[in-house]
Amino acid sequence: AGHTANGAFWYDGSTGGFVTSSHYMNQLPKWMNDFNVTHHASTYLKQGWKPLLPLENYTESTADNSPYENAPTQPGKPFFPYDYKEALETKKFDVLAYTPFGNTITKDLAIECLRSEQLGKDDVCDFLCVSFSSTDIIAHAYGIRAVEVEDVYLRLDKDLEDFIMTLEKEIGKENFSLFLTADHGGAENSNFLRDNKIPAGLINGPQLEMEMKTFFKKEFNDSLILSYSNQQIFLNHTVIEKNQISLDYIFEKISSWLLKQNGVAAVYDGRKINAAPPVQGSMYSLIQRGYHARFSGDILVNYLPAWMEYEEKGTTHGTPYSYDTHVPLLFYGKGFNVGQTTRKIEITDIAPTISQLLNIEYPNGCTGIPVSEALKP
């Protein structure tokens, strides 16, 4: 929501309602308190989760009961139907996030916010940002080929339909502009890929860190590593400076060792990562953009495609590969042309596109360019 939003609200699994923080306000508005009373998570959990369509219609999925899936709410039984009686009895409302109803209750809240805050009812532009996160949570648990994931997207389509129809009815088709995108994609489950003869694998991050420290201990009589996190090595500069060890020598040693380990594709020296100008569209440019001189690690590690730090079932994300970085981007409503493009668009292009639409200055950290073909003159 940024620094200057009027409000930000998110789901609280301990209560089954929505909350905010004192950064935005000291107490919830009356309309949200009323919403929390009448739209409690229990209303949705009582329904259970059954497939929206007959199972034979789920043509984009593997079998409902597959060996690649976790079932957080139903351990050992990753298949329909899902019953939440026990969660209701113990008031474990965080379970809602593992169902498509986590999206639906968020849509309900967005509509209530639209109405109660009178958004779009005057001459001042209002900006409402809605995050549907159950798609992410469910895909992590079940993997991207699960019937559950296909079902949650079919249901999200209906939630979006309800939301857009409400906008058109209450605000008017010519009075709103909408864009939809995602923060990341997701990888195939590693075991699923291997079973289909595609190279893939899992990396044990803590084990790799321990082996790196053992290697450093042998080479330098000290581990030299503070931590290994998000595929980044953070070095102990106090010890390095005290012992006058060359950073170039450290990088040479650890990169040579890492490149012999299963699943490692490349190793980068943080000191040099931004020395060369980014090559637009290259994978290295994505790594450069993700690097922050003050906060990132000293040495960065990139794994091979389809290799990840995760467990046997489900999946994750976080690489520069296309399966993680290719996401949808749709514009709809006032000011947008009908059409499509195969040109590569960056997510950072959204901000200047919306700025052009509103005839306002670009944000101070803006790096993208407008998607001009989407904009009406």
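**Labels and the values behind them**

Reply: Let's start with helix 1 (residues 30-38) and helix 4 (residues 101-116), which pack at about 150° with their axes 10 Å apart. The model is a predicted one, where local features need pLDDT of at least 70 and side-chain atom pairs pLDDT 80 or more, while totals for chains, interfaces and linings use all residues. Numbering runs from 1 along each chain as its sequence is written, and side-chain values use heavy atoms, without hydrogens or water.

Me: Why is helix 1 called roughly antiparallel to helix 4?

Reply: Angles over 145 degrees count as roughly antiparallel, under 35 as roughly parallel, 65 to 115 as roughly perpendicular and the rest as oblique. At about 150°, helix 1 therefore ends up roughly antiparallel to helix 4. Their crossing is right-handed, meaning the near helix is turned clockwise from the far one by less than a right angle.

Me: Which residues in helix 1 and helix 4 meet?

Reply: Trp31, Met32 and Phe35 of helix 1 meet Ile105, Asp108, Leu109, Glu112, Cys113 and Ser116 of helix 4, where contact means heavy atoms within 4.5 Å. By class, that's 6 nonpolar, 1 polar and 2 charged residues. Nonpolar here is Ala, Val, Leu, Ile, Met, Phe, Trp, Tyr, Cys and Pro; charged is Asp, Glu, Lys and Arg; the others, Gly among them, are polar.

Me: Why does Ile138 count as buried?

Reply: Buried means under 20% relative accessible area, exposed over 50%, and partly exposed in between (1.4 Å probe, protein chains only). Ile138 has 0%, so it's buried. It sits in helix 5 (residues 134-142). Beyond its neighbours within four places in sequence, Ile138 touches residues including Trp49, Tyr98, Pro100 and Val152. Across the protein chain, buried residues make up 42% of the 377 residues.

Me: And why is Asn230 called exposed?

Reply: Its relative accessible area is 67%, so Asn230 is over the cut-off and counts as exposed. Asn230 is in the loop between strand 5 (225-229) and strand 6 (232-235). Its phi is positive, about 50°, though it isn't a glycine.

Me: What about the phi of Asn359?

Reply: That one is positive too, about 60°, and Asn359 is no glycine either. Asn359 lies in the segment after helix 13 (350-358), and its 70% relative accessibility makes it exposed. Most residues other than glycine have a negative phi, and most peptide bonds are trans.

Me: What makes the peptide bond from Phe80 to Pro81 cis?

Reply: Its omega is near 0°. Pro81 is in the loop between helix 2 (41-45) and helix 3 (85-89).

Note on methods. Axes are lines fitted to C-alpha atoms, for helices over the stretch in contact, and angles run from 0 to 180 degrees between N-to-C directions. Helices (H or I, at least four residues) and strands (E, at least two) are DSSP runs, numbered from the N terminus.
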